[in-house]
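Please go through the points below with the model open beside you.

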Amino acid sequence: MNPKTKKKVTKTIAHVFLIIASFFFIIPFIWMVSTSLKPLTQVFTYPPEWIPNPFQWKNYLDAMEYIPFFTYLNNTVIITLVSTLGVVISCPLVAYSFAKLEWKGRNVFFFITIAVMMIPGQVTMIPLFLIFNKLGWVGTPLPLIVPAFFGVPFYIFLLRQFFLGLPDDLRDAAKIDGAGEFRIYWQILLPLAKPAVLAVGLFQFMGSWTDFIGPLLYLTNETQYTLSLGLQQFQTQMGTEWGLMMAVSTMMTLPIIILFFFLQKTFIQGITFSGIK
Amino acid sequence: MAELSKATNTRPVNEVRKKKSFIKSNIHGWLFASPWIIGFLAFFAFPLIASIYFSFTTYSILKPGDFVGVQNYKELMQDDLFWKSIYNTIYFTIFYVPLSIIFGVALAMMLNMKVKGMAIYRTIFFLPTLVPHVALAVLWMWLLNPGFGLINGMLEIIGIQGPNWLGSETWSKPSLVLMSLWGIGQAVIIYLAGLGDIPNELYEAAEVDGANWWQKTRNVTIPLLTPVIFFNLVMGAIGAFQQFTLPYTMTQGQGTPANSLTFYVMYLYDNAFKYFQMGYASAMAWILFIIIMSLTAVIFITSNRWVHYQGK
């Protein structure tokens with residue numbers, strides 16, 4: 001076989017495997033969308049019907065009335081955007097300090113940061129809850145937002161790896177020109193780290209958007225619920241409102257899918273491990 | 001003469017300047033890192049220490065509680081559900097983590113072949129990570145339904161009588177492993193990034209030596225991917241030990257059937273926020289911490305043998 005046909009064969013095999021795997025990954029999603037358009041009586045037919053007949057667009061309207069959709073959406077958007085903003089401001093700053101500035105205790109503290117990544121959230125969950133309770137923050141979105149402004153170890157780690165890969169010459173040149181540390185960071189290195197900042201922002205955005213345990217713990221008042229908590233309200237003692245629940249799930253998922261589809265290339269560029277040691 | 005004095009004069013000036021810039025950069029370093037230093041102290045260090053203390057008390061939100069020494073730990077040793085939850089959690093971790101690495105690496109390698117439609121494939125594999133967990137749980141309850149679920153329907157076509165999945169004590173945990181594997185998209189993305197970091201010259205060199213696909217995978221890709229595998233192994237094991245949302249939403253916090261889906265953190269959560277036994281739950285949290293730390297230590301110690309870093 002000549003190399004060209006060989007390559008073609010390998011790629012075809014890869015496609016076959018990828019398609020099979022895709023099938024496994026996409027089926028539940030397709031079912032989610034399909035159920036969101038079915039009347040309740042059609043949800044459990046066997047064998048399953050993939051195409052709703054008729055398309056019940058009404059589910060979407062009903063779902064928005066069944067739970068206070070726009071209130072929950074509003075809450076989710078605020079928590080997600082503000083916490084993402086917090087992460088994007090704080091983490092690159094800290095990561096830059098770990099990667100490019102020299103200071104006493106830097107390596108020790110970086111090691112501590114890595115160790116913190118390994119602390120299960122549940123260990124700190126109870127005291128944190130008590131602290132936030134003392135501060136009167138339980139029942140408000142603050143516990144879900146404020147910590148983001150003080151750095152997240154995993155993101156700091158990812159960003160540090162990225163900054164390590166950027167050349168020092170730029171920094172030196174700017175220094176000779178008399179630029180201050182903050183200006184060097186803000187005008188030269190931060191713009192270069194855009195893919196990594198985007199990756200971190202997207203991680204936070206997705207995590208916050210679908211977060212369940214955080215809102216479950218801290219949002220005690222129904223008017224402050226997020227969509228992921230709202231979804232649970234479709235499951236009642238009387239049974240589950242499948243169509244409506246899936247309608248809200250679809251509305252929740254679609255925006256991030258579109259976001260991911262367009263940003264994925266930069267997203268993957270932003271994650272680098274070449275500097276791990 | 002004049003030149004000599006000039007030369008001797010500059011040295012101290014240089015040193016002073018060096019010292020000054022050292023202090024300056026020190027200050028800048030601390031300043032840039034300060035949000036995280038505060039965050040670390042407030043959201044990690046302090047709660048960590050507080051939780052040790054709580055674990056020795058009968059603290060609850062309602063009552064201040066008393067210091068009881070190791071009473072909580074003693075009681076836990078006699079708590080059957082505690083042991084059951086440990087068993088469930090270890091079972092899940094042992095099956096889930098290795099499988100997630102094998103499938104994750106395999107998918108990432110296929111995606112890395114620069115096939116057409118990469119963007120679409122990547123989005124598809126990432127899809128499950130984007131679906132809210134509550135919906136995910138409900139979706140899988142339907143797929144795995146013994147009566148009208150899709151999976152048993154497909155098994156029937158090839159003549160296999162499917163099990164009762166989530167309704168059966170034996171199959172509930174394997175079901176959960178399957179469901180969780182569906183969410184490996186994030187790990188795949190990280191592997192993909194790792195694959196992108198492998199220099200192309202290495203493959204070219206291997207090709208010149210006449211290496212076939214399997215030899216290249218075994219001798220170039222896998223060894224150079226080990227740091228990322230290592231990272232995902234540590235994070236995956238930690239994550240598996242903290243399994244919560246999926247079984248919690250699926251069983252509405254009950255861990256049914258017969259507590260076969262009561263995972264460690266679910267039981268911890270119940271103790272803390274359902275029964276308000278914060279002291280007891282803190283003791284559980286610390287036991288979890290010690291388990292995870294020992295596990296991580298073991299992975300770290302063995303990593304010298306199998307993790308290869310580039311440029312070393």
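1. A crossing of helices is called left-handed if the near helix is turned anticlockwise from the far one by less than a right angle, and right-handed if clockwise. Helices (H or I, at least four residues) and strands (E, at least two) are DSSP runs, numbered from the N terminus. By that rule, H14(A) passes H4(B) in a right-handed crossing.

2. This is a predicted model, in which local features need pLDDT of at least 70, side-chain atom pairs count only at pLDDT 80 or more, and totals for chains, interfaces and linings use all residues. Residues are numbered from 1 along each chain as its sequence is written, while chains are lettered from A and ligands numbered from 1 in the order in which they are written.

3. Two residues are in contact if their C-beta atoms, placed from the backbone, lie within 7 Å. Between the chains, 74 residues from chain A and 81 residues from chain B take part. H1(A) gives the largest share of the chain A side, 14 residues.

4. In the crossing pair, residues of H14(A) including A:Phe260 and A:Phe261 meet residues of H4(B), among them B:Phe126 and B:Leu127.

5. B:Trp36 belongs to helix H1 (residues 2–55) of chain B. Is B:Trp36 buried or exposed? B:Trp36 is buried because 26 other C-beta atoms lie within 10 Å; the cut-offs are 20 or more for buried, 12 or fewer for exposed, and partly exposed in between, with C-beta atoms placed from the backbone. Leaving aside neighbours within four places in sequence, B:Trp36 is in contact with A:Ser90, A:Val94, A:Phe150, A:Gly151 and A:Ile156.
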